[in-house]
Amino acid sequence: MALKATLTWLCLLAVLSSCAAHETIPLNCSSHAELWERLSADLSVAVKCGENPPSSLSAQQTAALELYMRNLMDTLHTHQLKECQGSEPKQCKEAEVPKNGGLACATVFNKRYCKPMCNYGYDFGFLRKRRVFDECSEQTGYQWQSQYVGGNKLAECIEASIQVSGATTAYFPKDQDCITTKSNIQMQNRTLEDFSAELKGKGIQGALKYVCLVCG
């Protein structure tokens, strides 16, 4: 197991180095896709083999791996935020995703609705118990009906010992933050189903389009 872990971490370092090399060495799309698939598999094995890298990794390898992972996290975060891009109505700006939380969004009859959600240990800066979601549409002048006037910020998730400002469904459960929820299709579907039920509960009927969950 120790040898497997060592080889996996070294392989991971090699893959990340290869991914970083695209800045100077052009890669075709197929090889780039293979690198990402290999990276995903190696990360999974590395996690299963234990939390700590093997002692055989040098200080330089460890630092290089940390640097690559930092850049990789930034890239992946930017990529997952793209899921809500291109939604209708086009005149509406993309709603700002709250840090330490996320947004569930959908379009119904050319009206965009987004529901801010906070991770466990965070609460909204304003009372939102009756304001489960916000709207942007022709009726709102293609502006978000937000408590933060004049922009696309819908909510802030502020560190808090108790969560009392929002509806019960506006919080991700303990040990299941936004990105954990999004990584599991069943958990993500439950979150979006809750959102759909809340829209219908407010009389918003119709097929949901451009449905997405994005994390801050």
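What is the handedness of the disulfide of Cys105 and Cys114? The torsion about its S-S bond is about 115 degrees, so the disulfide is right-handed.

1. Basis of the note. The structure is a predicted model, in which local features need pLDDT of at least 70 and side-chain atom pairs count only at pLDDT 80 or more, whereas totals for chains, interfaces and linings use all residues. Residues are numbered from 1 along each chain as its sequence is written, and side-chain values use heavy atoms, with hydrogens and water left out.

2. The sheet. Four strands, in the order S4-S2-S1-S6, make up an open sheet with antiparallel pairing. Strands are DSSP runs of E with at least two residues, helices are runs of H or I with at least four, and both are numbered from the N terminus; two strands pair if DSSP finds at least two bridges between them. Strand S4 (134-136) and strand S6 (209-215) are the edge strands, each pairing on one side only. From one strand to the next, the twist averages 20 degrees; axes are lines fitted to C-alpha atoms, for helices over the stretch in contact, and angles run from 0 to 180 degrees between N-to-C directions.

3. Strand S2 and its neighbours. Strand S2 (residues 111-118) is joined to S4 by three bridges, and the two run antiparallel. Within this pairing, Tyr113 stands opposite Glu135 in S4. Helix H5 (residues 185-201) packs on the sheet and touches strand S1 (101-108), S2 and S6, its direction making about 125 degrees with that of S2. Contact here means heavy atoms within 4.5 Å.

4. Pro116. This residue is found in strand S2 and counts as buried, at 1% relative accessibility. Buried means under 20% relative accessible area, exposed over 50%, and partly exposed in between, with a 1.4 Å probe and protein chains only. Leaving aside residues up to four places away in sequence, Pro116 touches several residues, including Gly102, Phe124, Arg128 and Asp134.

5. Salt bridges. The whole structure contains five salt bridges, each being a side-chain nitrogen of Lys or Arg within 4 Å of a carboxyl oxygen of Asp or Glu. In one of them, the side chains of Glu198 and Lys115 meet at 2.9 Å, N to O. Glu198 lies in helix H5 and Lys115 in strand S2, 83 residues apart, and both residues are buried. Asp134 and Arg128 form another, at 3.0 Å; Asp134 is buried at 1% relative accessibility, and Arg128 is buried at 2%. The pair of Glu156 and Lys153 has its closest N and O atoms 3.6 Å apart; Glu156 is partly exposed at 34%, as is Lys153 at 25%. Shared partners join Arg128, Arg131 and Asp134 into one network of salt bridges.

6. Disulfides. Five disulfides are found in the whole structure, a disulfide being a pair of cysteine sulfur atoms within 2.5 Å. The sulfur atoms of Cys92 and Cys136 are 2.0 Å apart, and this link is left-handed, with -100 degrees about the S-S bond. Cys92 lies in the loop between H3 and S1 and Cys136 in strand S4, so the pair ties together parts 44 residues apart in sequence. The disulfide of Cys105 and Cys114 has an S to S distance of 2.0 Å, and both cysteines are buried. Cys178 and Cys215 are joined at 2.1 Å.
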